[in-house]
Every structure is written in C-alpha cells, then in structure tokens.
Amino acid sequence: MSEYVVELKHVTKRFPGVIAMRDMHIQIRPGEIHGLVGENGAGKSTLIKVLTGVHVPEEGEIYVEGKKVSFSNPVQAREAGIACVYQELNIVPMLPVVDNVFMGRKITNKYGLLDYPRMHREAKEALATLGHPDADTKRECGKLGMGMQQMVEIAKAVSINAKLLIMDEPTSSLGEQEIKQLMKTVRDLKERGIAILFVSHKLEELFELCDRVTVMRDGEHIITEDMANMTNDKLIQAMVGRTLENQFPKEFGVKGECMLKCEHLTSIGVLKDVSFEAYGGEILAFAGLVGAGRTETMRALFGADKLDGGDIYIRGQKVNNRNPSQSIRNGIAFLTEDRKGQGLVLSQSVKTNMILANMKKFMKGPLLKSKQIEENAQGMVDTLRIKTPSTEEVTMQLSGGNQQKVVIGKWINCDADIYIFDEPTRGIDVGAKVEVYNVMNQLVKEGKCLIMVSSELPEVLGMADRVIVMREGRVMAEIERGSKHFNQEDIMRAAWGGALT
Amino acid sequence: MNNKKTNVSDILMKLGPLMVLAIMFVVFTITLPGKFIRVANLMNILKQTSINCIIASGMLLALITAGIDLSVGYNAILATCLIGVLMKNGITNPVVLILSAIVVSTLCGFINGTLLTRLDLPHPFVSTLGMKFVFWGIALLITNSQTIGFTNKGIDPVLWIGKQTIFSFGFPVSFLLVILIYAAYHVFLNHSALGRQIYCVGGNPEAARMSGIRSKDVLTIVYTLSGFMCGIAGVVLAGRLNTANTASAATYDTDAIAACIIGGASFRGGKGTIWGTMLGALLISTIRNGLNLFSAGNDIQYIVIGLVIIAAVTIDVMRGKMEARARKMAMAD
C-alpha cells in the first residue's frame with residue numbers, strides 16, 4: 001500500500017503549439033485536503049482533466065494507491081475512484097435528485113427494472129451523510145439552490161466510493177451559508193478517509209480548510225507545502241514569480257478627455273457598484289481572476305447583458321445602451337474574449353466578417369458595394385498583416401492569430417471611439433501578439449480610448465497606462481502606471497482580496 | 001496541402017447534385033427512348049418544378065438561418081383557397097385577387113417570424129408546425145371543406161401565370177417567373193446587406209448580435225419572406241391545378257426542404273445557394289417525371305423520393321463531418 005492515494009510523476013501534456021503541463025508531479029495522501037492554486041492559465045484545469053481522464057498526457061505516469069494506471073477516458077478514472085465536482089455542475093435540471101445521483105449507475109430489481117425504492121433510500125442515505133438528512137430525492141434538481149445541487153454532485157461522487165474527490169472552484173457560486181455547509185461536508189469527507197483536491201481562488205478558504213497546498217505556474221509544479229508553513233505573501237510570490245521579458249512594445253499616447261464614464265453599474269449577483277472612467281489616448285486595463293466580473297462589466301456596458309442599475313456616459317453624455325447595435329452606434333467596439341463563439345462567423349469569408357459590424361458604411365441603397373468591400377478587406381489584410389490566401393477565404397481556415405486580426409479589422413471598420421479588447425491575445429502566438437499590441441498602440445496614438453481586459457499580468461503591466469483590479473464583481477483597486485503598486489505582486493494581492501497600503 | 005484537398009472535395013460536393021441530375025438524364029434517356037427527351041416532356045418537368053422552386057426559395061432562407069418553415073405547404077394552399085373564396089363572392093379583378101393572396105400569405109409568414117422571435121419559442125419547428133395546422137384549419141374553414149373549381153369563372157388572367165406557356169416550344173410562364181425570382185434572390189443573398197446578414201445570423205447568431213446585427217429582426221424578415229413566396233406559389237397553384245383544394249398540399253413542405261438540402265443547404269445553417277436549390281428541385285421533378293413515364297404509381301414514387309431525401313441528408317452529414325475535420329486541421333496548424 002502506497003503512502004499516496006493518487007500520485008502523478010513527470011506528466012507532460014501538449015496541445016498544438018503549446019505545452020499546457022510540463023513535468024508535473026503531485027502526491028495526494030488519503031484523507032487530506034490538498035489545495036491547488038495558480039494564476040489563470042497556470043495549468044490547473046489541465047491537471048484536473050488529466051486526473052479525470054478527459055486529457056491523455058503524452059508523457060509521465062499516474063498511480064492510484066501505488067498501482068500504475070492509465071486513463072484513456074473519464075469512465076476509467078471514475079472506476080479507479082477519482083471523481084470531480086466541476087465548477088459547471090453536471091446536473092440534469094429536469095430530472096429528480098435520485099436520477100441525478102444515480103446517473104450512469106443503476107440498481108435493478110429481479111425483473112430487470114429500476115429498483116426505485118432502493119435507489120431513493122440510498123440517495124437519501126448518501127445525502128444524509130453529507131449533512132442533509134431531510135433532502136427530498138423526488139424533487140427536480142433544477143428547483144434546488146446551487147449549494148444543494150452541488151451536494152447532489154458530491155453525493156454522486158460519494159456513492160461511487162471515490163477515493164479522491166476533486167472540487168473545482170466549489171464556492172464560486174455559493175452564498176455564505178452554503179459555503180459554511182460545504183466546508184463542513186468537506187471536513188466530514190476527510191474524516192471518512194476521502195482525499196480532496198480543492199481548487200480555489202480564495203486564499204482565506206485554503207488557509208481555513210487545507211492540510212497542504214500545491215502551487216502551479218506556467219504548467220509546472222512550483223511548490224507543495226504544509227499549509228501551516230505558508231503565508232499569504234509566500235503563496236502569491238510562488239504564483240507570479242516569473243520575470244518580465246520585454247515582449248511589449250509599449251508606446252504612449254496623449255491622455256485626452258474622459259470618453260467613457262460608468263457609475264454604479266449593478267447586475268444582481270454579478271456586478272456590485274462598478275464605477276470607473278476611461279480616457280482617450282490611454283490604455284485602461286482590467287485585471288483580476290477569471291470570474292471577477294471584468295467581462296461581465298464590458299458586456300453590460302456594451303448592452304449585451306441587461307443591467308439592473310447604473311449609468312453610462314459617453315463624452316459626458318448619458319447613454320442608454322440597450323443592445324449591441326445601439327452601443328456600436330454610440331461609438332463602442334467590443335472585441336470579445338471568445339472569438340470563435342462571439343466574434344467570427346466561421347463559415348463566412350474574411351471580407352464578409354470585416355463588414356459585419358458596420359454594413360451601412362458599405363451600402364448603396366439596399367445593395368453592398370462589392371468593389372469597396374474588396375478594397376477595404378485587402379487594405380486590412382495588408383495593414384494588419386493577415387495571412388490568408390485571399391479575402392474570399394472562409395475564416396474557419398485561418399489560424400487563431402489571423403482570425404483575431406480579422407475581428408480587429410471588423411471593429412476598426414466601425415470607426416469607434418472606445419475600443420474594448422477582451423483578452424485580445426488569448427491563444428495566439430507570440431508574433432501575432434506583438435502585432436495586436438501594435439494595433440492597440442496605433443489606436444491610442446489616434447486618441448482613441450482603449451480598454452483591455454487581460455488575465456495575463458505581464459501583458460497588463462506591459463501595455464496598460466492604468467489598471468483597475470476587480471474581484472467578485474467589485475472594483476478592488478485602481479493603479480496608475482508609475483505608482484508603487486504597479487507591479488505583479490500588488491495587482492495579484494488586490495485580485496485575491498488583499499488590501500493595498 | 002490540406003486546404004487544397006478540402007477545396008477539391010468541396011467542389012465535388014457542390015457539383016454533386018448537378019452530376020446526379022446529369023446521370024438521371026442519361027439513365028432516363030436510355031431506358032425511356034423517345035419518351036423522356038422530348039421538348040414537351042422537358043417543358044413539363046419545368047412546369048412541375050415551378051411550385052417547388054418558388055416555395056423552396058423561401059424555405060432556403062429559413063434553412064440558412066438554421067431554422068425551418070413547416071407551414072409553407074398549407075400557407076400556399078391557403079392563398080389558393082382565398083382566391084377561390086373571393087371569386088365565389090364575386091370578386092374577379094385579377095389584381096385584387098393576386099394581391100390579397102400574397103398579402104395574406106405574407107402576413108402568415110410574419111406571424112411565424114413574430115412567434116419565433118418575440119415569444120422566444122425554442123425552435124421554428126414549433127412555431128411553424130403549429131401554424132401549419134392553423135393555416136390548414138383556416139383554409140378548410142373559409143372553403144367549407146369544399147373544392148372550388150376555377151375553370152371558366154372569369155378569372156383567367158390569374159390562372160394565366162400557372163397555366164400559360166410561351167414561345168413555340170411551350171416554355172411555361174411559371175418557370176419564367178421562377179427564373180426572375182431566383183435572379184432577384186441571387187442578388188439579394190449575395191449583394192445586399194440583409195442577404196449577408198441572413199448568412200451571418202445563421203452561421204453564428206451570437207457573433208452577429210455582438211456585431212450589432214438585430215438577429216430577431218432578420219429572422220422575422222426571413223419568415224415573412226417565406227410567407228410572401230407561399231403567396232406567389234398559391235397564385236401559380238391556382239392556374240396549375242385549376243381548383244382550390246386543401247388536400248393538395250401534402251408534400252410541398254417536404255419537397256421544398258429536400259430541394260434545399262440536395263442543393264447544398266444545411267440544417268446547421270449558414271449555407272445554401274439559390275441555384276443549388278433550383279438544381280435540387282429539378283432533380284426531384286425529374287425523378288418524379290421519369291418514374292411517371294415508367295408508369296410507376298404514387299407508391300413507388302414516394303419510396304424513391306423518400307430515399308432521395310435520406311441520401312441528401314446523408315450527404316449533408318458527410319459534408320458536416322468533412323468541415324469539422326477541416327476545422328480541426330485549421331486549429332492544429
């Protein structure tokens with residue numbers, strides 16, 4: 001019998017163009033609560049997916065209770081006793097609790113039919129051991145609160161006799177009371193000898209709950225320590241401790257008038273009193289952890305999502321951006337973070353995508369001016385250096401970086417005043433990144449207002465004139481370039497809920 | 001390398017229906033000597049294709065937006081019945097008759113679109129299937145479930161469109177109308193802003209919305225236009241059938257879907273061309289015509305048409321898989 005319930009040795013996972021996890025190792029003891037932290041993109045999700053059999057690593061070994069295993073699909077991982085409660089719960093909302101607990105498993109009676117009385121009894125027992133003795137197993141899952149839905153997921157894991165339960169950001173969508181209950185349940189599970197891998201963005205929870213903690217950065221293992229030997233600062237340093245290379249061709253514009261002013265933006269459960277100002281000729285960056293409400297702020301002010309309260313002013317004029325089409329008319333361009341899902345029509349050509357947001361500019365009566373569209377597209381392809389065989393090529397065929405440049409071209413065609421770039425360099429190669437930065441420089445020099453949402457701290461520090469840090473739907477800090485807080489550690493500290501002095 | 005490969009198969013897929021049509025022609029020419037290749041018979045095929053072509057042009061729009069319009073058959077029949085009922089009530093002015101048929105059908109289409117976009121129904125399958133029965137019921141209601149004959153009732157100018165042939169070889173006016181409509185569609189879909197928006201809403205509704213395109217308005221227009229085409233089809237039907245009969249709508253909707261899919265449209269939306277749709281419609285009528293000449297009855301015809309539809313959707317699925325592979329390769333690069 002091994003000392004560890006699950007052990008990873010020298011595991012490497014590659015994706016086309018990137019190494020998501022390099023020579024990773026982690027050892028999890030039975031009955032311990034093991035914290036896992038890291039910046040966005042540090043490789044936590046990849047690690048979870050390797051453990052649950054979703055990704056198959058190219059190199060390295062996985063051991064469960066000392067036995068070497070290899071998972072080629074999630075079913076094998078489950079049978080080995082590794083269960084995961086994902087951030088996005090795998091609940092079928094229309095089905096009652098009992099069917100959700102028994103998803104993928106069944107108890108049959110002597111006629112080969114489902115033995116519902118026994119299933120109800122066992123589901124009830126499982127939920128009772130999690131601290132919910134009066135749970136109604138006949139109730140539709142969709143009608144339960146988030147905390148209870150999560151309990152159903154945990155019950156599912158417990159009832160397959162999981163040895164390791166992975167919890168990915170389990171508290172992110174729970175209320176205070178539910179978090180308390182969850183923590184109690186997690187401790188109970190630990191008492192029963194089940195190991196927990198607890199992934200969280202909330203340091204205070206880790207300190208409260210975990211026995212040991214592992215920090216990942218850039219797909220690599222940084223340290224594993226007893227929680228008792230750790231401090232807040234030590235954790236943050238381990239998370240960000242990389243050197244800044246000079247891949248950011250920052251140029252400065254002239255700070256102009258206030259182009260965009262948001263006051264008290266509120267969206268129930270998402271945004272809490274978000275206020276900020278953005279100026280022409282500067283890059284305002286929004287930093288924070290995934291789910292901090294940065295993208296939600298942008299979507300709300302762009303009219304893509306409904307606001308529950310707050311005012312938006314453009315050049316001092318109060319505006320009502322009820323939908324994207326109105327916002328675009330008001331001079332806002334929004335490069336979304338999900339370029340395939342929200343930016344491009346993949347089945348359409350480069351030149352059609354380029355005119356998507358401002359067809360009026362290319363119309364004569366009801367018809368489109370083909371020649372002008374072609375010239376415009378060709379011009380964009382040249383200035384943005386888009387690598388494509390022709391402007392007729394469907395955007396599906398382009399690489400990520402070139403797709404991103406097509407979307408940028410689309411927004412430049414809008415002649416907007418305010419450009420919101422949400423994760424503009426996500427998933428594109430280094431060369432293309434620099435070209436995107438150059439476009440940003442160019443826009444700022446033209447006096448445009450540029451807002452950049454970025455989860456990459458080096459990018460924020462490299463390009464921003466000013467940084468707003470958000471956490472849990474709130475503005476935590478505003479940091480000017482040149483101030484003493486304009487560094488990775490302080491931004492991270494604010495993003496993790498610490499105070500800046 | 002990969003790009004070239006997919007392009008070749010893409011072209012083959014696009015030429016697919018044309019090749020099948022050519023093969024059909026060769027087969028029928030050989031097996032039906034002196035019967036199939038005759039000017040009169042070929043003109044007959046065109047005449048038989050007209051209705052499906054007109055209805056399918058509206059269906060194509062719905063399919064491009066990843067939707068469907070199941071109400072087209074009964075919408076067209078409703079238009080024909082309306083002409084019959086108005087005629088019975090003494091209105092014989094052709095302009096009034098044609099306009100009222102088209103206006104009512106367009107309105108029906110508008111209702112389809114409004115139900116879909118303003119009530120947030122999950123899929124146009126729901127709204128248009130429901131309205132199909134509503135239109136059917138209304139058609140039965142206004143006609144008292146009776147067949148209305150049009151012969152010698154003083155509305156020949158209305159019937160002219162569906163019945164008349166021109167030139168010495170008897171080219172049907174209805175197909176001339178189809179060519180005009182299709183030419184307009186070609187310009188509309190490829191060179192107008194709204195046309196490109198329809199493709200974009202179909203290809204990625206969220207990207208279209210985030211680019212400021214009012215997806216809901218675009219969808220409403222699509223279903224309204226589909227209704228408009230049904231109105232025209234209803235007028236042509238009056239001349240072609242010489243009667244208004246609610247029982248004659250049986251296969252119009254499925255024929256239209258089949259024509260679009262054979263012609264390159266996809267249930268996933270975002271694609272499809274008007275000329276491909278014409279080829280699809282011609283293919284279906286050619287099969288029907290050939291089987292007729294073999295004196296095959298409705299039974300055999302239904303079986304063959306059914307298999308052709310399945311084959312067409314199989315082609316659609318294969319096309320989708322090929323695209324998915326191309327996408328994967330593009331991502332791996």
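In the predicted model, B:Asp120 lies in the loop between helix H4 (94–118) and H5 of chain B. The residue is not a glycine, yet B:Asp120 has a positive phi of about 55°. B:Asp120 is exposed, because 8 other C-beta atoms lie within 10 Å and the cut-off for exposure is 12 or fewer.

Helix H5 (residues 124–143) of chain B packs with helix H3 (residues 72–88) of chain B. Their axes come within 9 Å and cross at roughly 15°. H3(B) and H5(B) are therefore roughly parallel to each other, as the angle falls under 35 degrees. The crossing of H3(B) and H5(B) is left-handed. On the H3(B) side, the residues that meet H5(B) are B:Tyr74, B:Asn75, B:Ile77, B:Leu78, B:Cys81, B:Leu82, B:Gly84 and B:Val85. H5(B) contributes B:Lys132, B:Phe135, B:Trp136, B:Ile138, B:Ala139, B:Ile142 and B:Thr143. By class, this contact of H3(B) with H5(B) has 11 nonpolar, 3 polar and 1 charged residues.

B:Trp160, B:Ile161 and B:Gly162 in H6(B) meet B:Val173, B:Ser174 and B:Leu177 in H7(B). The contact of H6(B) with H7(B) has 4 nonpolar, 2 polar and no charged residues.

Chain B also touches chain A. The contact involves 26 residues of chain B and 29 residues of chain A. On the chain B side, helix H8 (193–203), helix H9 (205–210) and helix H13 (298–332) each give two or more residues. H8(B) supplies the largest share of this side, 6 residues. By class, the side of chain B that touches chain A has 11 nonpolar, 8 polar and 7 charged residues.

In chain A, 6 strands form an open sheet. Their order is E16-E19-E20-E13-E21-E22, and the pairing is mixed. Strand E16 (332–335) and strand E22 (474–480) of chain A are the edge strands, each pairing on one side only. The twist averages 20° from one strand to the next. Within the sheet, strand E13 (residues 283–288) and strand E20 (residues 449–453) of chain A run parallel and are joined by 4 bridges. A:Leu284 stands opposite A:Ile451 in E20(A). Helix H17 (residues 488–495) of chain A lies across E13, strand E21 (466–471) and E22 of chain A. H17 runs at about 30° to E21(A).

A:Val453 is found in strand E20 of chain A. This residue is buried, because 25 other C-beta atoms lie within 10 Å of A:Val453 and the threshold for burial is 20 or more. The C-alpha atoms of A:Val453 and A:Phe286 are separated by 4.6 Å, although the two residues are 167 residues apart along the chain. A:Phe286 is also among the residues in contact with A:Val453 when neighbours within four places in sequence are left aside.

Strand E9 (residues 212–217) of chain A has two pairings described here. With strand E3 (residues 33–38) of chain A, E9(A) pairs in the parallel sense over 5 bridges. A:Val37 stands opposite A:Val215 in E9(A). With strand E10 (residues 220–226) of chain A, E9(A) pairs in the antiparallel sense over 6 bridges. The bridge partner of A:Val215 in E10(A) is A:Ile223. E9(A) and E10(A) form a hairpin with 2 residues between them. A:Asp218 in the turn has a positive phi of about 50°.

A positive phi is also found at A:His264, with a value of about 55° although the residue is not a glycine. A:His264 is in strand E11 (residues 258–267) of chain A. A:His264 is partly exposed, with 13 other C-beta atoms within 10 Å.

Conventions: Residues are numbered from 1 along each chain as its sequence is written. Chains are lettered from A and ligands numbered from 1 in the order in which they are written. This is a predicted model: local features need pLDDT of at least 70, side-chain atom pairs count only at pLDDT 80 or more; totals for chains, interfaces and linings use all residues. Two strands pair if DSSP finds at least two bridges between them. Axes are lines fitted to C-alpha atoms, for helices over the stretch in contact, and angles run from 0 to 180 degrees between N-to-C directions. Two residues are in contact if their C-beta atoms, placed from the backbone, lie within 7 Å. Angles under 35 degrees count as roughly parallel, over 145 as roughly antiparallel, 65 to 115 as roughly perpendicular and the rest as oblique. A crossing is left-handed if the near helix is turned anticlockwise from the far one by less than a right angle, and right-handed if clockwise. Ala, Val, Leu, Ile, Met, Phe, Trp, Tyr, Cys and Pro count as nonpolar, Asp, Glu, Lys and Arg as charged, and the others, Gly among them, as polar.
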